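Thanks for coming. I will take a few minutes to walk through one model, starting with a sheet and the helices around it.

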Amino acid sequence: MAADPGRSRAQTKRTQMNQVALQPGKLERIIQMQSLIVQAAFDLDRFMQTVVNNLQDLTGAKGAVVELVEGDNMVYRSTCGSMNPFVGMHLARANSLSGLCVRNVEVLHCIDAQTDPRVDLAACHRVGVRSMVCTPLLHDRVPVGVLKVMSDKVNAFNDEDVQTLQLMADVLGAALGKQIAYDRLNKDRQRLSHQIARQEQENRSLLSERSDMLTVLAHEVRQPLNNASAALQSAAHLLAEANDLSAAQRLSRARGVMGHVLANIDNTLAVAALLTRSTPAEREDADVDTLIALTLGDFTAEERQRIVCERLSSTRTVAMDTSLMRLALRNLLSNALDFSPPGQPVTLSLSDCDAPLALIFDVIDHGGGIDQQGVPLLFEKGMQSTNPHNATGHGLGLYIVRRVMELHHGMAQLLRNCADGVTMRLVLPLAPAD
Ligand SMILES: Nc1ncnc2c1ncn2[C@@H]1O[C@H](COP(=O)(O)OP(=O)(O)OP(=O)(O)O)[C@@H](O)[C@H]1O
Ligand SMILES: [Mg+2]
């Protein structure tokens with residue numbers, strides 16, 4: 001082949017490839033390699049390595065390399081033979097034959113690097129190259145890199161080598177785009193799984209902090225407050241017996257404030273811990289009158305005076321979780337007391353139901369009723385009063401009531417809602433189907 005240093009080999013493009021007959025056996029090697037490439041599917045490095053190894057063999061090159069475009073650089077991604085020490089090397093696209101090959105999208109044949117103005121001579125000296133052939137790797141007609149064979153001898157490659165290189169580049173280019181896309185997806189997937197793992201770790205530590213805080217709230221705050229409230233109550237009794245009614249009243253008011261704080265803490269703890277479980281409530285046979293007495297004991301003497309108990313049922317014991325039922329009743333009663341005028345009575349009525357066999361608790365008040373707009377979401381968390389005078393609630397009470405009844409396989413209902421007040425009903429099944 002005549003030495004023509006600046007000659008572009010665009011004429012060796014596909015349309016003219018048939019002009020060179022491949023040596024016997026070479027075509028078979030190329031086909032064999034195609035099947036190897038298929039087997040290396042979705043392992044980009046192994047895939048490119050297969051190509052360069054075979055290419056070196058088929059062309060008798062000293063080294064072969066796949067260079068990929070990375071911004072303004074060409075990067076040696078897969079190498080073989082004398083190019084092995086240079087894997088990972090970055091060369092500026094602007095000054096190299098590979099960069100030109102990508103820019104012009106054509107096959108370039110450098111016969112002697114020493115006299116070819118297109119090559120980066122310093123880089124050629126560094127890697128010990130004298131002649132080379134460079135063919136673009138196209139994915140969807142966009143050049144994504146080059147496939148290159150190199151030799152330390154002048155004019156080491158002939159037309160047959162160029163054609164072999166092109167055949168390999170066709171195969172590699174078509175598959176490379178898919179491989180690169182897969183590689184990127186894989187990297188994204190890895191990045192996302194790291195992110196998820198980090199997030200999970202963060203969530204675990206937040207949950208553990210949350211559970212520590214709930215423990216502090218339950219034991220270090222709630223319990224001492226409860227003790228203090230009981231002490232205030234007995235002090236108020238003593239003062240009342242000693243006829244110091246004004247001091248007794250003040251103590252009772254203080255106990256009322258404490259009672260509200262305790263009720264809020266109980267609601268918060270219930271929402272955060274107790275009611276999140278999916279298993280039914282742990283029920284034990286419990287005395288219904290004790291449940292009523294405990295619930296009424298949560299209110300101040302003034303509040304209790306407004307509550308009228310009506311017992312239309314003779315049921316003595318029911319299987320239930322007493323503390324949860326107490327929480328539900330307390331929330332209904334405090335709503336009835338809070339959302340009706342101070343002097344108005346609130347009735348707690350107990351009755352029986354035959355179908356289903358259940359104990360019914362009705363809490364009846366004579367306030368202004370519930371705004372119709374709020375009714376559909378009444379038992380959802382965060383449902384709050386629109387009345388600015390009652391804007392202190394957290395919207396947890398009726399959600400807790402509903403969850404407590406669900407855990408007992410019963411239900412909570414808004415039975416009556418009118419301008420004359422509200423009746424809230426709890427249905428506690430006597431023989432719940434677990
Ligand atoms: N008996 C009632 N009469 C009038 N409105 C009521 C009555 N019961 C509930 N509501 C309305 O339903 C809303 C939700 O009640 P819920 O008990 O869930 O929350 P809350 O009382 O506002 O706050 P929390 O109970 O958490 O302190 C109340 O804010 C109120 O507007
Ligand atoms: Mg409430």
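Before the sheet, a definition: two strands pair if DSSP finds at least two bridges between them. Strands themselves (E, at least two residues) and helices (H or I, at least four) are DSSP runs, numbered from the N terminus. What you see is a predicted model, in which local features need pLDDT of at least 70, side-chain atom pairs count only at pLDDT 80 or more, and totals for chains, interfaces and linings use all residues. Residues are numbered from 1 along each chain as its sequence is written, chains are lettered from A and ligands numbered from 1 in the order in which they are written, and side-chain values use heavy atoms, with hydrogens and water left out.

Now the sheet. It is open, has 5 strands in the order E8-E10-E11-E13-E12, and its pairing is mixed. At the edges sit strand E8 (307-311) and strand E12 (411-418), each pairing on one side only. Ignoring direction, neighbouring strands are turned by 20° against each other on average.

Going across it, E8 and strand E10 (residues 346-353) run parallel and are joined by 5 bridges. Arginine 311 has leucine 350 in E10 as its bridge partner. Further along, E11 and E13 pair in the antiparallel sense over 7 bridges, and aspartate 362 stands opposite arginine 425 in E13. E12 and E13 are also antiparallel, with 7 bridges joining them. Arginine 416 has its bridge partner in E13, threonine 423. Between E12 and E13 there are 2 residues, and the two strands form a hairpin.

How many residues of E13 are buried? Buried here means under 20% relative accessible area, exposed means over 50%, and partly exposed is in between, with a 1.4 Å probe and protein chains only. The count for E13 is 8 of its 9 residues, so to speak mostly covered.

For contact, the cut-off is heavy atoms within 4.5 Å. For angles, axes are lines fitted to C-alpha atoms, for helices over the stretch in contact, and the angles run from 0 to 180 degrees between N-to-C directions.

Sheet order again, for orientation: E8-E10-E11-E13-E12. Helix H9 (residues 322-338) touches E8, E10, strand E11 (358-364) and strand E13 (421-429), and its direction makes about 170° with that of E13. Helix H10 (residues 397-407) touches E12 and E13, at about 25° to the direction of E13.

Staying with H10: 9 of its 11 residues are buried, so the helix is largely enclosed by the rest of the structure. Those buried residues include Tyr399, Ile400, Arg403 and Met405, and they pack against H6, H9, E12 and E13. After H10 comes histidine 409, with a positive phi near 60°.

Next, the cores. A nonpolar core is a set of buried Ala, Val, Leu, Ile, Met, Phe, Trp, Tyr and Cys residues joined through side-chain atoms within 4.5 Å. The largest one has 42 residues, of which Met325, Leu348, Phe361, Ile400 and Leu426 touch the most other members. Helix H6 (245-272), helix H7 (288-297), strand E9 (317-320), H9, E10, E11, H10 and E13 each supply at least two of its residues. H9 gives the largest share, 9 residues. Apart from this core lies another, of 30 residues, among them Met33, Leu55, Ala61 and Val144.

Which helix packs with helix H2 (residues 44-59)? That is helix H5 (residues 159-241), at an angle of about 175° and with the axes 10 Å apart. H2 is therefore roughly antiparallel to H5, the cut-off being over 145 degrees, against under 35 for roughly parallel, 65 to 115 for roughly perpendicular and the rest oblique. Among the contact residues are Phe47, Val51 and Leu55 of H2 and Leu165, Met168 and Leu172 of H5.

Threonine 300 lies in the loop between H7 and helix H8 (301-306). It counts as buried, at 8% relative accessibility. Glutamate 70, in strand E1 (residues 63-70), is partly exposed at 42%. Leaving aside neighbours within four places in sequence, glutamate 70 is in contact with Val75 and His90.
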